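Please study the sequence and the structure shown below, and then work through the exercises that follow.

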Amino acid sequence: MIKNVIFDMGQVLMSFDPNVIMDRVCETKEEKTIIDRELFQSPEWIMGDKGEITNAMRYDLVRPRVPEYLWDKLKECVENWCICMKPLAGAIPTWKKLKREGYRVYVLSNACDRFYDYFPGSFPLEEWDGVVVSSDVKLIKPDKAIYELILKKYDLVADECIFLDDRTENIQGANTVGMHGIRFEGSYDVIWKEIARQNNPEYGFRRMENSLVDLIKEEQAKLGYRREMIHLYYPLSTLNHFFETDGSTEQMQSYLDGFGAFVRERLGEVAVSHKGDRFCFQIPEEGSAYVHEKMRPNEFIQKLVDLLGSHQTDMEQIFSLFREQSDEVLIEPIENGEFDYLCRFTDSEDEYYYCFKQEGRHIIYHRFLPEDYKEIER
């Protein structure tokens, strides 16, 4: 049960863009490049966040690496960089809504001593249930110790905490102590989705069951029905897409411990195991029988499988099959070396991306979830 939301600060609650101050004081691109490299990308910047030096000390430490004609501009950047720190759109309403709905809210930020000059003006400290700043505690994310510190300091249970950050390594650090780390990519909706997922396990279980049933129907369309045990495999990345999280294999295995009970009445005693990042769902005989006897077959998949079974089939016939199902079909070529064409419905409950490739006299296909397809595009 989620009770607490822990926010990163920079690029999650407030903007951080050094270009704001550099554009104000620098006259050329070369000047910006020098100051950005020697100040904002420097070891001294990290030292400030670690609390090893104050922000003011950065100037004297960086100055020897900067041409003398830029010293005044460097000093102004050191002293005034935090003019860029403004609340992100949606941050304050989200924070206030969480508080209204009874969640406790915290900040865990990598920041120097200037944090207290800009943050409280937008987010009064007394309205937070707790704040941990790296320079105060001499620890920095993603060090495991800083996550353990906030848990201990405020007597929090890791499994009851969402941690929101924009950096993958910081999310992974939170996950190592048992928090539910999620990546912020501009929308605070991810918080509410994670709360729904954690506080209502059926949220993800339904999608998982639907996927298993889809694969069983597809296998039965290809091979015919046989009352037998079925093994279906998923990579961790796909399961994280199902449950809209970024969990480790251990967290996913723990979460799926409840899946067997959820599907028992329909699919029987489904067992879930994993080896590395590859998860196996073992569907008993009664599960395959239930899908065959109690559920409608996927007529479109059966037609597609039958069509692909002929050596005379060409891509135009496949396109026609899609268009027979709906007027809203997207068909486009793919140039990634793995597949030749993508077909998908844009107005249907069928969310899959169907990818096709010509191999000699055969055409092969694979169905991807939208999130998985985006992964292969990268």
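The model is predicted: local features need pLDDT of at least 70, side-chain atom pairs count only at pLDDT 80 or more, and totals for chains, interfaces and linings use all residues. Residues are numbered from 1 along each chain as its sequence is written, and side-chain values use heavy atoms, with hydrogens and water left out.

**Exercise 1.** Classify E218 and K222 by accessibility and describe their pairing.

*Solution.* Buried means under 20% relative accessible area, exposed over 50%, and partly exposed in between (1.4 Å probe, protein chains only). At 9%, E218 is buried; at 46%, K222 is partly exposed. A salt bridge requires a side-chain nitrogen of Lys or Arg within 4 Å of a carboxyl oxygen of Asp or Glu. E218 and K222 form one at 3.9 Å, N to O. Both residues belong to helix α12 (residues 202–223), where four residues separate them by about one helical turn.

**Exercise 2.** Which parts of the chain does the salt bridge of R227 and E285 tie together?

*Solution.* The two side chains meet at 3.8 Å, N to O. R227 lies in the loop between α12 and β6 (230–235), and E285 lies in helix α16 (residues 285–294), so the pair ties together parts 58 residues apart in sequence. Helices here are DSSP runs (H or I, at least four residues) and strands likewise (E, at least two), numbered from the N terminus.
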